[in-house]
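Biologist: Could you put the model up, so that we can go through it together?
Modeller: Here it comes.

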Amino acid sequence: MNTAQMVKIASNLKHNHIVITNGVEDAIAESDEFAKFVLESCTAFKNGNWGKVSADSWEMNDLAKLMQGMRILAIYENVDGQIIWINKDEIALTILLPSEY
């Protein structure tokens with residue numbers, strides 16, 4: 001992952017502490033398409049689109065966004081079947097692969 005990609009992802013989320021796990025970082029470094037997928041997922045997250053979560057989780061995420069400090073988990077899948085999770089809590093916003101949870 002290059003610095004410009006990191007800055008673009010971080011500025012899109014506007015969170016004080018952003019963590020990108022090693023698996024996501026490696027996948028971004030290997031593929032510009034995956035980097036684009038992560039950036040698009042971050043934009044969706046910022047806009048309240050929680051991806052492939054259940055209806056109940058979607059409602060909880062909407063409430064958590066209003067309440068601030070509550071946990072939000074969003075799940076995104078690209079056309080190649082690759083999945084990332086974006087998890088936001090009071091400490092950090094983390095972008096990770098499901099296998100890294």
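**Talking through the fold**

Modeller: To begin with burial, 40% of the 101 residues in the protein chain are buried, where buried means under 20% relative accessible area, exposed means over 50% and partly exposed lies in between, with a 1.4 Å probe and protein chains only.
Biologist: What are the ground rules for the numbering and for the model?
Modeller: Residues are numbered from 1 along each chain as its sequence is written, and side-chain values use heavy atoms, with hydrogens and water left out. This is a predicted model, in which local features need pLDDT of at least 70 and side-chain atom pairs count only at pLDDT 80 or more, while totals for chains, interfaces and linings use all residues.
Biologist: How many helices and strands are there, and in what order do they run?
Modeller: The protein chain has four helices and four strands, and from the N terminus on they run α-β-α-α-α-β-β-β. Helices (H or I, at least four residues) and strands (E, at least two) are DSSP runs, numbered from the N terminus.
Biologist: And in what order do the strands lie in the sheet?
Modeller: The four strands form an open sheet in the order E1-E4-E3-E2, with mixed pairing; two strands pair if DSSP finds at least two bridges between them. The edge strands are E1 and E2 (72-77), each of which pairs on one side only.
Biologist: Which pairs are parallel and which antiparallel?
Modeller: E1 (residues 18-20) pairs with E4 in the parallel sense over three bridges, whereas E3 (residues 83-88) and E4 run antiparallel and are joined by four bridges. A hairpin of four residues leads from E3 to E4.
Biologist: Which residues in E4 are the partners of isoleucine 20 and lysine 88?
Modeller: Isoleucine 20 has isoleucine 95 as its bridge partner in E4, and the partner of lysine 88 there is leucine 93.
Biologist: Which way do the residues of E4 point?
Modeller: In E4 (residues 93-96), Leu93 and Ile95 point one way and Thr94 and Leu96 the other way, and all are buried.
Biologist: Switching to helices, how do H2 and H3 pack?
Modeller: H2 (residues 22-30) and H3 (residues 32-46) pack at an angle of about 125°, with their axes 5 Å apart; the axes are lines fitted to C-alpha atoms, for helices over the stretch in contact, and angles run from 0 to 180 degrees between N-to-C directions. The two helices H2 and H3 are therefore oblique to each other, given that angles under 35 degrees count as roughly parallel, over 145 as roughly antiparallel, 65 to 115 as roughly perpendicular and the rest as oblique.
Biologist: Which residues make that contact?
Modeller: On H2 they are Val24, Ala27, Ile28 and Glu30, and on H3 they are Asp32, Phe34, Ala35 and Val38, contact meaning heavy atoms within 4.5 Å.
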